[in-house]
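Subject: Structure handover

Hello,

Here is the structure for you to look through. My notes come after it.

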Amino acid sequence: MMKFTNVFIDPNSPTIMSHSIEAIGTIHSPYAQKFAIPRQPGLVTAAQAHIELHAGYDANTVRGLSGFSHIWVLFLFHENLSQGWQPLVRPPRLGGNSKVGVFASRSTFRPNGIGMSVVELVEVIEQGNKTTLVVRGGDWVNGTPVIDIKPYLPYADAIPEAQGGYAATAPDKALNVSFDAQAEQQLQQLTPNYPQLELLICQVLAQDPRPAYKRGKPSEQIYGMQLYDLNIQWRVEDQQNIVLNITKDF
């Protein structure tokens with residue numbers, strides 16, 4: 001079980017205090033690497049993940065949760081913690097050229113490395129002493145540690161008149177996705193073992209996971225990403241993603 005220690009200054013005392021955060025669960029998601037993960041939750045609805053609660057967090061801890069359609073998941077950007085953070089970051093929505101303060105962004109490089117995502121709760125599974133939450137629309141790399149779970153309350157959490165600053169609207173899905181003959185054949189062979197695989201690939205690539213500075217520029221480069229244990233290669237041609245190859249790691 002993972003434990004993390006945060007150091008902070010008590011406002012009522014000049015002494016430095018420390019507080020340990022213990023992971024309550026682990027996320028098992030289709031995203032085997034950070035590249036190609038959607039930049040916000042809910043953009044790839046075909047991405048189904050399992051949140052496996054650790055020992056000690058039994059069925060009593062989620063009693064009543066199945067009555068909610070969505071939940072907040074608080075987690076740690078565990079792969080970034082050792083790299084530290086900076087006060088200014090370059091959000092992809094600004095093309096990676098303009099800087100804003102880290103607290104005016106959703107950068108994964110944060111002082112305490114804490115992230116939060118709202119996702120659809122599909123099912124609560126209880127098997128013996130093991131409790132698993134099946135969720136849809138997450139934006140986590142496989143193995144992400146969870147530090148808290150809270151129900152999403154529509155009357156309190158949804159604010160229709162809220163202002164979104166430089167990210168007021170959802171990102172444009174500018175690129176269509178197609179499969180060449182080889183990839184189409186591979187897809188048909190793999191789909192029985194990977195439900196909604198075609199939709200997952202299309203939704204991920206429609207977000208254009210390339211670095212912001214490469215968008216809109218001609219390139220013959222072949223890109224690659226990993227979903228589950230599958231390696232997927234594609235290229236961009238005439239503002240369209242063409243999937244070239246889908247192979248399984250052995």
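The model is predicted, so local features need pLDDT of at least 70 and side-chain atom pairs count only at pLDDT 80 or more, while totals for chains, interfaces and linings use all residues. Residues are numbered from 1 along each chain as its sequence is written, and side-chain values use heavy atoms, with hydrogens and water left out.

**Overall**

The chain has 3 helices and 14 strands. These are DSSP runs numbered from the N terminus: helices are H or I with at least four residues, strands are E with at least two. Of the 250 residues, 37% count as buried. Buried means under 20% relative accessible area, exposed means over 50%, and partly exposed is in between (1.4 Å probe, protein chains only). The accessible surface is about 14500 Å², and carbon and sulfur atoms hold 52% of that. Those areas come from the Shrake-Rupley method with a 1.4 Å probe; for residues, only the protein chains shown count as cover. Take the contacts with a separation of 6 or more: 66% of them join residues 24 or more positions apart. Contact here means heavy atoms within 4.5 Å.

**The barrel**

Six strands make a closed barrel, in the order S3-S4-S9-S8-S5-S10, with antiparallel pairing. From one strand to the next the twist averages 45 degrees. Axes for such angles are lines fitted to C-alpha atoms, for helices over the stretch in contact, and angles run from 0 to 180 degrees between N-to-C directions. Two strands pair if DSSP finds at least two bridges between them.

Look at S5 (residues 70–76). Buried residues make up 5 of its 7, so S5 is largely enclosed by the rest of the structure. It pairs with S8 (residues 114–127) over 7 bridges, in the antiparallel sense. Tryptophan 72 sits opposite valine 118 in S8. Leucine 76 sits opposite isoleucine 114. S5 also pairs with S10 (residues 145–151), again antiparallel, over 5 bridges. There, leucine 74 has aspartate 148 as its bridge partner.

Isoleucine 114 belongs to S8. It is partly exposed, at 32% relative accessible area. Beyond its neighbours within four places in sequence, isoleucine 114 contacts Phe75, Leu76, Phe77 and Ile147. Leucine 81 is 33 residues away from isoleucine 114 in sequence, with a C-alpha to C-alpha distance of 9.6 Å.

H3 (197–206) is mostly covered, with 8 of its 10 residues buried. Among them are Leu200, Ile201, Val204 and Leu205. What covers the buried residues includes strand S11 (176–179), helix H2 (181–190), S12, S13 and strand S14 (240–248).

Aspartate 208 follows H3, and its phi is positive, near 55 degrees. The residue lies in the loop between H3 and S12. Aspartate 208 counts as buried, at 8% relative accessibility. Its side chain makes a polar contact of 2.8 Å with the side chain of arginine 210. A polar contact is a pair of N or O atoms within 3.5 Å; within protein, one must be able to donate a hydrogen and the other to accept it, and residues adjacent in sequence count only if both atoms are side-chain atoms.

**Aromatic pairs**

Rings of Phe, Tyr and Trp (its six-membered ring) pair if their centres lie within 6.5 Å; planes under 30 degrees apart count as stacked, over 60 as edge-to-face and the rest as tilted. By this rule there are 6 aromatic pairs. Phenylalanine 75 and phenylalanine 77 have ring centres 5.1 Å apart and planes at 80 degrees, so they are edge-to-face. Both of these phenylalanines are buried.

Tyrosine 223 and tryptophan 234 are a stacked pair, 5.7 Å centre to centre with 25 degrees between the planes. Tyrosine 223 is in S12 (residues 222–227) and tryptophan 234 in S13 (residues 230–236), so the pair ties together parts 11 residues apart in sequence. Tyrosine 223 is buried at 7% relative accessibility. Tryptophan 234 is buried too, at 0%. Ring pairs link Phe35, Tyr223 and Trp234 into a cluster.

Best wishes
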